[in-house]
Amino acid sequence: MRTVGRFPSVTLGFGDDTEKEKDPPKENTVKKQNAWLRKFCPCCRHADDEITDTEITGVDDGDKDEGEKKPVTGDKELEELLLKVKSIDLMKSKSGENRTEHHTHPYNSDHLIIRRGQSFQMWITLSRPFNPSSDEIHLDFKTGPLPAVAKGTHIIIPLVKTLEGNGWEAAVVKQEDKKIKLVVNSPPTAVIGRYQLTVETNNNHGRSISTPDPANDIYMLFNPWCADDTVFMDSEDERQEYILNDTGRIYYGTKDQIGARTWNYGQFDDGILAACLFVMEKSGTAPSGWGDPVNVARIFSGMVNSPDDHGVLEGNWSGDYSNGTSPTVWSGSVEILKEYHKKSGTPVKYGQCWVFAGLVTTVSRCLGIPCRPVTNFSSAHDTDVSLTTDVYLDENLEPIDHLNMDSIWNFHVWNDCWMARPDLPSGNGGWQAVDATPQETSQGTYCCGPTSLAAVLYGQVFFKYDTPFVFAEVNSDKIYWQKKADGTFSQIYSEKNVVGHSISTKAVGSDERSDITHLYKHLEGSEAERIAVETACSYGSKAKTYSPPTAQDVSLEVTVDGEGPIMGNDAELKITLRNSSSEQRSVTLQSQVSVMYYTGVNKATIRTDTTDVEILPNEDKILEWALDYKTYKDKLTDQAALMLIVTGRVKVTRQILATQFSFRLRTPDLIIKPIGKAVVGQKMSVEISFTNPLPQVLTAVIFSVEGLGLLNARKINYGDIGSHASVSLTEQFVPTLSGTRKLLASLHCKQLTQVHGVSDIVVEEKSNAPVQ
């Protein structure tokens, strides 16, 4: 059963105070109605004073006349007897103990940001010294639009003498005259989100409740450093990478030509934590479920895309981005999330899979769930839960387009999120696949996951969530079906090793690529891998028709030399036919090359060929294949992706051969060279250089530059760049953060996309900077 509900949008009751505040009640008057409203409605409470007292003296005056005199806060005797809160110090400095011990000091926020399952401290200044024998104090935490004690969204914390460390509790650890210092514990299962804090005092002479101050709202996050939190990760190096690293690498291209681009996650940037919680609010889901990372991951996998819930980003694979921003232009998540928040939940235009994955990484790390983007090369899109990728051909071996709904994307990017899975049998915790790209609905909503990688590895597709879909993406067999005279189809060929290659993510602690294919599938062709495939397919929609491959003595393979063809040059591939028999074989081959969207959708076929080939016994016959620049130059999409489809028939044995080979045309990198020394607060320059690889002019070229702690996103309208011309430009900026920072640059124009570069810039502190 799905655990994520969909309800009308709501906002936190203590969110941004945009509504005009109500007039305060007349001085020296206490009205029950207004006191109640102030308690539950932020629009009706005072905001100009840090502390406002709502007093109940224990006298039931509900039936008294309006004119009857009531207790007033100005009464000298009452002032002395009551215990009132004058101020609250949450010790929320970035360099202070609370935020450094909770690993939240990188957040660019003045709020107290803490992680659940760990203690924090605060000072409370009172109107007189606290007397534990006659005074009572408790803390009151509320989150969500309708806080409720039973749902874990309204927390009442009385003081205890000794902390036990197993739940919500607070204790006085120090007293200095009218000031007391509290240590507060939270459980490792606490709901994450923004909490409103009030302090209530009580004694025989009455009660006083502090008015909520938005400056004292507390942000609660998941805690990978806490062994009892379900997101606990025991490697500090991995925590540094998957929680605290605010930049990373996202891979794209094809399995033979893997490209990489740097992405600014920016999870600590000013306003991003608020934006991420706004995304959660917009889901309309109950905050009481926000303590479960499985539920939270499922929520944001649906909210990052826009089709059914007005989520963050609108996908666009049409090639026409005139109404928004081209997906290849984005270099980070900050600009997108801030725009979504600023426009009150209007989806940002446009994104594709790597942008969705970059956003999920930002949201997940920001909320405290370890996360990484993952790229699967030759990624299958199974549309009918058959767990096979099916290709339907007619009697003449021509594709039947209206039946061929499955596809294989050159690459697809999703995310791994780290968490325990108490809802599944033991052994299914750890990395979970979460995919925010809207491909297929999951129980009626465009979301996917979290899917246990262990379940995928062993073909246990009956475990939630969306395991059949993820399994097919990485390990489905490609089955070719031919239509017979009676209208039925028979399996004529299968390929076992075409889906799920070089599954990649950034390595821990470096910018190297880490191949994690082994986490998703056993070694291709091994007995364990075949068992996983057969196990999974037995639960698919074509379990009865799945059949093992037939014997064959001729094989077909397409390869590319080195790093592959370069944009602007002819593309050259090799087709190899291997005859493993002791007899000569005659083969008729048909080939067609098509321009592709990276999702595996055919844009246009640009050339077809037919040839007859003779293969000697035990011979490997290599055929050179080339596509000249003038044939493809005006037909490419923004990923410069193509697909060569080769089919054939062995004349004597009637064996069918078929393969599809995706490749891309490599683009050059931008070269970024720092000029001079990088020091916080001092202007510096960088030189960005580029050489046009094409024998044609690049028109209306736009450079984009950004770097966390260096400069905000900046666009430079450069103009035209001549054929094979080299250009450079110099940009100046003032670094704001010290340490090793990454400066990102990209180039975009009609003729050329996916051009980008990155440079590490080591920024020093000012020599005369005061000690923080």
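Tutor: Strand S36 (residues 739–748) runs antiparallel to S37, and nine bridges join the two. Strands here are DSSP runs of E of at least two residues, and helices are runs of H or I of at least four residues, both numbered from the N terminus. Two strands pair if DSSP finds at least two bridges between them. This is a predicted model, in which local features need pLDDT of at least 70 and side-chain atom pairs count only at pLDDT 80 or more, while totals for chains, interfaces and linings use all residues. Residues are numbered from 1 along each chain as its sequence is written, and side-chain values use heavy atoms, with hydrogens and water left out.

Student: Which residue in S37 is the bridge partner of Gly-739?

Tutor: Strands of a sheet pair through backbone hydrogen bonds, either parallel or antiparallel. For Gly-739, the partner in S37 is Val-763.

Student: In what order do the strands of this open sheet lie?

Tutor: The order of the four strands is S34-S33-S36-S37, with antiparallel pairing. Strand S34 (711–721) and strand S37 (755–763) are the edges, each pairing on one side only.

Student: Which strands pair with S10, and in which sense, parallel or antiparallel?

Tutor: Strand S2 (residues 112–115) pairs with S10 in the parallel sense over four bridges, and Ile-113 has Tyr-219 as its bridge partner there. Strand S8 (residues 193–203) is antiparallel to S10, with three bridges; Tyr-195 stands opposite Ile-218.

Student: Which way do the side chains of S10 point?

Tutor: From strand S10 (residues 218–221), Ile-218 and Met-220 point one way and Tyr-219 and Leu-221 the other way, and all are buried. Buried means under 20% relative accessible area, exposed over 50%, and partly exposed in between (1.4 Å probe, protein chains only).

Student: How many salt bridges does the whole structure have?

Tutor: Side chains of opposite charge can pair when their charged atoms come close. A salt bridge is counted when a side-chain nitrogen of Lys or Arg is within 4 Å of a carboxyl oxygen of Asp or Glu. The search of the whole structure finds 29. In one of them, Asp-423 meets Arg-421, with the closest N and O atoms 2.8 Å apart. Asp-423 is partly exposed at 32% relative accessibility, whereas Arg-421 is buried at 4%. Asp-423 also forms a salt bridge with Lys-464 (3.9 Å, N to O).

Student: Why does the pair of Asp-423 and Lys-464 tie together parts that are 41 residues apart in sequence?

Tutor: Asp-423 lies in the loop between strand S17 (407–419) and strand S18 (430–434), and Lys-464 lies in the loop between helix H9 (453–457) and helix H10 (467–475), so the pair links those parts of the chain.

Student: Where do Arg-714 and Glu-731 lie?

Tutor: Arg-714 is in strand S34 and Glu-731 is in strand S35 (residues 726–733). Their salt bridge has its closest N and O atoms 2.8 Å apart. Arg-714 is partly exposed at 28%, and Glu-731 is buried at 13%.
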